[in-house]
Amino acid sequence: MPDLVPLAFGGGVLAFAVLMGGFEILSTPADGGPPNEDDAEFFAKRRRRRTQVAVMLAVVGVAIPLGDWAFDGRNAPFAFTIYWLTVLLVVLWVIAIGLLDLAATRIHTRIQLRKLDRKKNELASRLAAMRDEPEPETDY
């Protein structure tokens with residue numbers, strides 16, 4: 001009888017990957033996307049990264065119970081080692097992509113906040129200039 005712990009853990013990872021992929025699909029704007037090309041490029045790359053992570057997590061979710069079922073460390077130690085090192089490398093790749101996504105999102109957010117701050121300062125200075133102008137006199 002197969003061990004239920006790897007089956008349950010792998011199933012949980014697989015379910016998380018499916019949910020993650022589903023949320024990524026649902027989060028795509030239906031109105032055609034962001035208004036400018038920089039944002040469109042950022043969101044396209046982010047979607048690709050997050051979809052890749054979801055697919056790789058699904059592979060790991062399947063690989064955990066499959067590896068537990070297929071390999072016995074005592075009978076085939078070399079195959080066992082290579083298989084689990086491969087699974088570990090996939091997990092490390094997922095972590096690396098996640099960290100890169102975090103950094104890219106942080107950089108993009110900072111750039112957008114700077115643009116908003118510049119626009120706010122420009123509008124504030126225009127408003128101050130408009131307030132300083134004398135009102136035109138009207139003869140009624």
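**Figure 1. Buried residues in the predicted model of the protein chain.** Of the 140 residues in the protein chain, 18% are buried. The coordinates belong to a predicted model. A residue is counted here as buried when its relative accessible area is under 20%.

**Figure 2. Overall dimensions and helical make-up of the protein chain.** The protein chain contains three helices and zero strands, and its elements follow the order α-α-α from the N terminus on. Along the principal axes, the C-alpha atoms fill a box of roughly 100 × 25 × 25 Å. The radius of gyration of the protein chain is 26 Å, whereas a compact globule of 140 residues would have a value near 14 Å.

Figure 3. Val91 is located in helix α3. The relative accessible area of Val91 is 30%, so this residue is classed as partly exposed, a term that covers values between the buried limit of 20% and the exposed limit of 50%.

**Figure 4. Positively charged surface patch that includes Lys115.** A patch of positive charge on the surface is formed where Arg106, Arg110, Arg114, Lys115 and Arg118 gather. Lys115 belongs to helix α3, which spans residues 77-132. With a relative accessible area of 33%, Lys115 is partly exposed.

Note on methods
Residues are numbered from 1 along each chain as its sequence is written. This is a predicted model: local features need pLDDT of at least 70, side-chain atom pairs count only at pLDDT 80 or more; totals for chains, interfaces and linings use all residues. Side-chain values use heavy atoms; hydrogens and water are left out. Patches are made of residues with over 30% relative accessible area and no salt bridge: like charges are joined within 9 Å, nonpolar side chains (Val, Leu, Ile, Met, Phe, Trp, Tyr) within 5 Å. Accessible areas come from the Shrake-Rupley method with a 1.4 Å probe; for residues, only the protein chains shown count as cover. A salt bridge is a side-chain nitrogen of Lys or Arg within 4 Å of a carboxyl oxygen of Asp or Glu. Lys and Arg count as positive and Asp and Glu as negative; His and the chain ends are not counted. The place of a charge is taken as NZ of Lys, CZ of Arg, CG of Asp or CD of Glu. Helices (H or I, at least four residues) and strands (E, at least two) are DSSP runs, numbered from the N terminus. Buried means under 20% relative accessible area, exposed over 50%, partly exposed in between (1.4 Å probe, protein chains only). The radius of gyration is taken over C-alpha atoms; the globule rule is 2.2 Å times the number of residues to the power 0.38.
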